[in-house]
Amino acid sequence: MKILLIEDDRDASTYLVKAFRESGIAADHAADGDTGFHMASENTYDVLVIDRMLPKRDGLSIVSELRRLGNETPVLILSALGQVDDRVTGLRAGGDDYLPKPYAFSELHARVEVLARRKVGTRESETSYRVGDLELDRLSHEVRRGGRDITLQPREFRLLEYLMRNAGQVVTRTMLLEHVWDYHFDPQTNVIDVHISRLRSKIEKDFDQPLLRTVRGAGYMIKADS
């Protein structure tokens, strides 16, 4: 799981990032609203944890603008404003949950986990994925494109499954290392490039439309032309 914490309190953010990482959750941090909005817009996260009162851009305006742009990443709003009206305002702005300060980290952690499960639950429970004429069956481990069977090695299948689960979104190298190779560090090898190249040749050879795209400086995306 990877989250973004947008919090201007230096002590609180340092503690939270450390606590999340120790619990196995990758956490990025932004100290102001403008930086946080940019990071949330340009990267893929499982959950956004956003303080309501921020410099440069307040938390509710971040949530509202992300929703307007079609970003549906679950949002947990943190705030010292804990009255019922305050919570309602936060939820109506597009937040999925609202946690008043002060709070216990154990509760924050639990709420983040719930929001993350809510995001991926639908896609992960699916037994098959389809992108254009490419189909992947998770139960039978079969892959077809245009009705033609494609044979993949186990790691190639896992790589394709992860890409198709996140179809239309940029998947970073870090995400691939964590979710496909179970690495939580960069091994400083070209293992991803090699597997992407092999996978691309198998799912695109003899087909007119490319599906697997390299997004320069960001990662990879699988998407069919509309």
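Arg145 touches Asp133, Leu134, Ile150, Ile203, Glu204, Phe207, Gln209 and Leu211, leaving aside residues up to four places away in sequence. The model is predicted. Arg145 lies in strand E8, which spans residues 142–145. Its relative accessibility is 2%. Buried means under 20%, so Arg145 counts as buried.

The charged end of Arg57 sits over the ring of Phe37, 4.3 Å from the ring centre.

Now turn to the aromatic rings. There are two aromatic pairs. Tyr15 and Phe105 form an edge-to-face pair, with 6.3 Å centre to centre and 80° between the planes. This pair links distant parts of the chain. Tyr15 belongs to helix H1 (residues 10–22), Phe105 to helix H5 (residues 105–125), and 90 residues separate them.

Phe105 has 18% relative accessibility. The cut-off for buried is under 20%, so Phe105 counts as buried.

Phe20 and Phe105 form an edge-to-face pair as well. Here the centres are 5.1 Å apart and the planes are at 70°. Again the pair links distant parts of the chain: Phe20 is in helix H1, Phe105 is in helix H5, and they are 85 residues apart. Both Phe20 and Phe105 are buried.

Tyr15, Phe20 and Phe105 are linked by ring pairs into a cluster. Phe105 takes part in the pair with Tyr15 and in the pair with Phe20.

Key. Residues numbered from 1 in each chain as written. Predicted model: local features only at pLDDT ≥ 70, side-chain atom pairs only at ≥ 80, totals over all residues. Heavy atoms only, no water. Phe/Tyr/Trp six-rings, centres within 6.5 Å; stacked < 30°, edge-to-face > 60°. Helix = DSSP H or I, 4+ residues; strand = E, 2+ residues; numbered from the N terminus. Buried < 20%, exposed > 50% of the residue type's maximum accessible area, 1.4 Å probe, protein only. Lys NZ or Arg CZ within 6 Å of the ring centre and 35° of its normal. Contact = heavy atoms within 4.5 Å.
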